[in-house]
Amino acid sequence: CLAEPQHVQYKGGKLINPKFDLGLHGWEAWVRVSEGSETTVSAAIITKENSKRVIASGNAYPGCWTMLKGGFQPEFPLPTELYFVCYNKTVDFWVDNVSLKEFNKTEWLQHQQRAITRVRKRKIVLDIKDKLGKAIRGVKVNIKFTKPYFHIGCGVTDTLLQHKKYQEWFLKKGFTASVFTNQMKWYWTESRRGIENYTIPDAMFQFFKKNKIEIRGHTVLWDKPKMNQYWLHDMTPKELLATAVRRLASIMARYSNDIFEWDVVNENLHFKFFEEKIGPQASGMFYHIAHVIDPNATLYLNEFNTLEIPGDVYAGPHKYINKWRQIRSYPGNEDLTIGFGLQAHFGLGKPLMPYIRAALDFFSETQMPIWLTEMDVPNNSNQALYLEEIMREAFSHPGVEGIIVWAPWKPGMNCTSLCLMDDNFNNTPAGDIVDKLMAEWRTPDQNGKTNSEGLYRYDGFLGDYNVTLDHVRGGQAAWWPRLRGPGRVQRAHIRGVPTAFAGHDSSWPRL
């Protein structure tokens with residue numbers, strides 16, 4: 001919310017008059033209203049066939065300017081008009097400094113690839129020296145990429161416990177994270193009041209912990225009324241508060257320090273079960289308590305339609321960030337890390353990729369972590385294509401830290417949504433896409449020798465590596481470094497071989 005709108009992007013792009021005019025594709029705009037606290041303003045397109053589509057939505061305020069950011073992909077070359085609409089008919093509103101920039105597919109993919117190189121990879125130099133600091137030439141170097149820093153995971157059901165082949169399939173895929181679709185939810189662990197049963201989630205938890213796969217805790221509480229047990233609805237506010245706090249303590253203490261992320265209050269933009277019963281600060285209080293119980297875990301909001309539908313006035317990026325601010329304004333939450341969980345349940349139509357990028361840009365301005373927590377695409381002829389587009393966009397965005405593919409398996413599934421394999425555990429086309437991208441985003445094995453300066457160079461994705469050095473003077477030595485971004489040069493005396501090990505580059509963070 002600024003005193004003046006920022007400058008016009010791309011010199012207006014397709015616009016003749018960048019202050020306000022018609023245009024096509026990839027726009028930004030600044031808006032304000034005449035009075036009141038906040039008003040939802042949307043941008044939409046309309047074609048000559050009278051097809052209407054909202055392409056961005058946000059909150060405008062009196063006395064300052066707010067950016068709207070979004071875009072669209074025309075499916076047919078039809079004349080298209082851009083217009084702005086305010087849902088509050090009692091105020092006037094202004095629009096200024098509009099930009100519409102057209103990108104072709106090649107330019108879009110090039111931007112992604114540049115971002116991946118900048119954000120997800122590093123230039124690495126191994127510097128091998130003897131104890132006198134002299135470079136050792138000809139040291140054999142073998143580097144294996146063992147675990148990526150960027151998480152790609154998959155949702156699972158309790159059928160994992162009954163099917164050995166399902167377990168083998170999951171491990172073979174190379175997923176680094178998972179989430180239980182239902183088995184940690186309150187209605188599952190305490191369907192009858194006062195009788196808790198963690199047998200199934202405990203067993204699932206042990207499988208993933210044994211195999212060193214991270215687990216997202218989904219979900220502690222849910223603000224959707226019909227997803228709460230019937231006996232919660234009849235409680236007084238005081239009883240509900242005490243019972244909700246007991247639930248927080250029960251599940252979070254049970255898995256404390258092993259769950260790396262928690263969805264604390266699910267879908268509290270669209271629904272307000274606890275707020276209406278307890279008070280408007282209910283979510284803020286629950287996040288405060290959750291942090292006290294498990295201070296090492298990152299806490300998340302989790303919401304639908306934030307990436308999927310620009311016209312959802314309840315869950316647009318501005319609304320979401322306002323909710324995040326409200327929760328962090330609760331006493332004691334001011335410095336709390338609260339990430340944005342974007343469910344990403346896409347519908348049958350083509351995903352609006354320019355809007356997805358714009359929404360991720362908004363969230364990344366908060367400097368908070370972002371996850372696509374429940375991503376799926378319905379089964380249709382373009383499912384694999386759309387899945388790849390969404391995953392590439394998420395992976396290339398610097399604010400996103402992980403993707404959970406929402407593809408739980410049960411025998412005999414009709415796969416109306418997203419399935420990665422059939423009942424024989426053979427890949428579907430969507431499964432092929434996930435395999436292809438996970439392979440593409442791994443550093444290939446490196447085999448070579450240090451040069452005359454004792455150096456070995458390679459480009460690698462952020463993650464964990466197994467580095468083996470072999471030299472005739474000292475036999476074989478191994479090290480398992482992690483490439484996690486900025487840090488100091490590391491040195492080691494490896495298994496009696498007088499060797500120094502360092503990662504350095506003038507333009508990239510060090511190993």
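Predicted model: local features only at pLDDT ≥ 70, side-chain atom pairs only at ≥ 80, totals over all residues.

Biologist: Why is Lys129 called partly exposed?

Modeller: Buried means under 20% and exposed means over 50%, with partly exposed in between. Lys129 has 21%, so it counts as partly exposed.

Biologist: And what makes Asp127 buried or exposed?

Modeller: Asp127 comes out at 10% relative accessibility. Buried means under 20%, so Asp127 counts as buried.

Biologist: How do you know that Lys129 and Asp127 meet in a salt bridge?

Modeller: Their side chains come to 2.4 Å, N to O. The cut-off is a Lys or Arg side-chain nitrogen within 4 Å of a carboxyl oxygen of Asp or Glu, so this pair qualifies.

Biologist: What about the side chains of Glu190 and Arg246?

Modeller: They meet in a salt bridge too, at 3.0 Å from N to O. Glu190 sits in the loop between helix H3 (186-189) and helix H4 (199-210), while Arg246 is in helix H6 (residues 237-254), so the pair ties together parts that are 56 residues apart in sequence.

Biologist: Which labels do Glu190 and Arg246 get for accessibility?

Modeller: Glu190 has 0% relative accessibility and therefore counts as buried. Arg246, with 33%, is partly exposed. There is also a network: Glu388, Arg392, Lys436 and Glu440 are joined by salt bridges that share partners.

Biologist: How many salt bridges does the structure hold?

Modeller: The structure holds 16. One of them is formed by Asp361 and Lys69, whose closest N and O atoms are 2.8 Å apart. Asp361 belongs to helix H10 (residues 353-364) and Lys69 to strand E4 (residues 66-69), so that bridge ties together parts 292 residues apart in sequence.

Biologist: What makes Asp361 and Lys69 partly exposed?

Modeller: Asp361 has a relative accessibility of 22%, and Lys69 has a relative accessible area of 22%.

Biologist: Now the inside. Which residues touch the most other members of the largest nonpolar core?

Modeller: Trp262, Phe286 and Leu420 do, in a core of 127 residues. At least three residues come from each of domain 1 (24-103) and domain 2 (158-169 + 190-196 + 214-441). Apart from that core lies another, of 7 residues, including Phe260 and Trp371. As a general point, nonpolar side chains tend to be buried together in soluble globular proteins.

Biologist: What is Leu420 in contact with, leaving aside its neighbours within four places in sequence?

Modeller: Its contacts include Cys154, Trp169, Phe175, Val405 and Val434.

Biologist: Can you finish with the whole chain?

Modeller: The protein chain has 12 helices and 22 strands. Of its 511 residues, 55% are buried. The accessible surface is about 23,400 Å², and 51% of that belongs to carbon and sulfur atoms.

Methods. Residues numbered from 1 in each chain as written. Heavy atoms only, no water. Core = buried A, V, L, I, M, F, W, Y, C linked by side-chain atoms within 4.5 Å. Buried < 20%, exposed > 50% of the residue type's maximum accessible area, 1.4 Å probe, protein only. Domains from an automatic or database assignment. Contact = heavy atoms within 4.5 Å. Helix = DSSP H or I, 4+ residues; strand = E, 2+ residues; numbered from the N terminus. Areas by Shrake-Rupley, 256 points an atom, 1.4 Å probe, with all protein chains shown as cover.
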